[in-house]
Amino acid sequence: MRRVWFALATEDIGDQHRRTTIGPAWLLFNYLAFAGVFIFVFQRGAGIPSYETYIAVGLFVWLYMSDVISGSISLFVREEGLIKGTKLPLSVYVMRMVSQSVIRATYAFLGCALILMMSGAVPSSAWILSALALLLIVVIAPAVIILFAFLGAFFPDSQFIVTNLMRIGMFITPVFWAPGTGDSIRHVIYAWNPFTYFLEIVRLPILTGEFPLFAFVFCSVVGVLCWIFALVILGSFGKKVVFYL
Amino acid sequence: MVSITAKNVALVYRVRKKISLSWPDSRIKKDTNKVAVSGRNLQVEALKDVSFSLTAGDRLGLVGRNGAGKSTLLKVLYGVYPPTSGQVEINGHVDALFNISLGFRKEATGRRNILLRGLINGWQKHEIEERMDSIIEFSELGEFIDLPLKAYSQGMAARLAFSIATSLEPEILLMDEWIGAGDPAFQKKARERMGNIAQKAGIIVLASHNRALITSTCNKVLELDSGRVKRLVDVQEWEE
């Protein structure tokens, strides 16, 4: 099965850029353009130290999560032809989405590394924690994809809700702003937005060298819960999806 | 020993009506024997009480009007739709030819499409490599095989699809309609190949409106009407 989803995913990436001259490198430019706007246009208004690093890592993690969630909400609907015409298990489509998002993220990763290098960030052993945090996020991704794919298939309206929420999400997640101090609204959003913790487990070790224990535990618990729900839903509703498409 | 047994198979599924700003059509009947309406949901009874059994050598023709449940029954046998009630027991590896262009990528070359389609069919990579040359040869695409599919005419794409789909040697083969691919010369070749497959396959279930085709290919005929078995007879009896 691994061959099927990997072949389909590489084909998807190629197809999206097939007629362009620089191909998937557009994904890298897209990331750099985004980061550039935040770094040069938004400036370091909030007084965030190492703002370039803050943006580069935060944006990289956010774009990955946003890509996964926005893409998975319509996953089964997009795969209707194959779901209704083949016996491929649903996991093939989930893993196709995972590999597609990882391939896309690799291009953004190059951009992120480039900004880190240019901003003078010095690699340290704490960066290993960031790498582990990224791994944790990728491990949770299939479960999240399953949950959102079922949501989108059974409740079509949710596609619009989730797409809009993810658009707003970029602004209510501390990608390019910091929480500040005291009881400001930013502080409240920072604390209650679950995406914050997924950003911070990757970003904080690189920025400060510290290990954000609470955020790590929070993300791990969310991951385990997502996997439990995903497997239960896959087992209970997997065979019914075909009737809802 | 290949076999298919279906016992009292029923399939009911729900279709949600779309929200529409147009005035509701009062001519739509609330309940028919196939569709029941409750609120925004339509309950469609696609199959009801379908029973039959097939053993090696059987060639079953599925006939009936559009919407009688032929394609649905094929998909139940293939395992795409789980039956709502009843049982389907299948011994043997099942292959299906429903939509011949399923999974084709127009930006990829013919050669790459053979690989992709093979993987989707569940074939191993080495099996695909082994069949590659004979598929290309049968498709008569020549140098076009290394051009993207979008450069093909419809007939060429259909020839490629047909060549891939029929390169398998199935134990049980499910087919929805006959495949009329390409020009008359290719169609003749296609008919011969289908004849060979029919001989090699343990069981064939073929849904078609083509009376002559059913008569020449099948030994049994199952006639469906509104999802129910109208009759299950030998092909000679059906012809009369």
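**View 1. The buried residue A:T196 in helix α10 of chain A**. In this predicted model, A:T196 is buried, with a relative accessible area of 0% (buried means under 20% relative accessible area, exposed over 50% and partly exposed in between, with a 1.4 Å probe and protein chains only). The residue lies in helix α10, which covers residues 194–208 of chain A (helices, H or I, at least four residues, and strands, E, at least two, are DSSP runs numbered from the N terminus). Leaving aside residues up to four places away in sequence, A:T196 touches A:T173, A:P174, A:I189 and A:Y190, where contact means heavy atoms within 4.5 Å.

**View 2. A nonpolar surface patch that includes A:L213**. A:L213 belongs to helix α11, residues 213–237 of chain A, and counts as exposed at 53% relative accessibility. Together with A:F211, A:V217, A:V221, A:V224, A:L225, A:I228, A:F229 and A:V232, A:L213 forms a nonpolar patch with about 830 Å² of accessible area (Shrake-Rupley method with a 1.4 Å probe; for residues, only the protein chains shown count as cover). Patches are made of residues with over 30% relative accessible area and no salt bridge, a side-chain nitrogen of Lys or Arg within 4 Å of a carboxyl oxygen of Asp or Glu; nonpolar side chains (Val, Leu, Ile, Met, Phe, Trp, Tyr) are joined within 5 Å and like charges within 9 Å.

**View 3. The secondary structure of chain B**. Chain B has seven helices and ten strands, and 48% of its 240 residues count as buried.

Residues are numbered from 1 along each chain as its sequence is written, and chains are lettered from A and ligands numbered from 1 in the order in which they are written. Local features need pLDDT of at least 70 and side-chain atom pairs count only at pLDDT 80 or more, whereas totals for chains, interfaces and linings use all residues; side-chain values use heavy atoms, with hydrogens and water left out.
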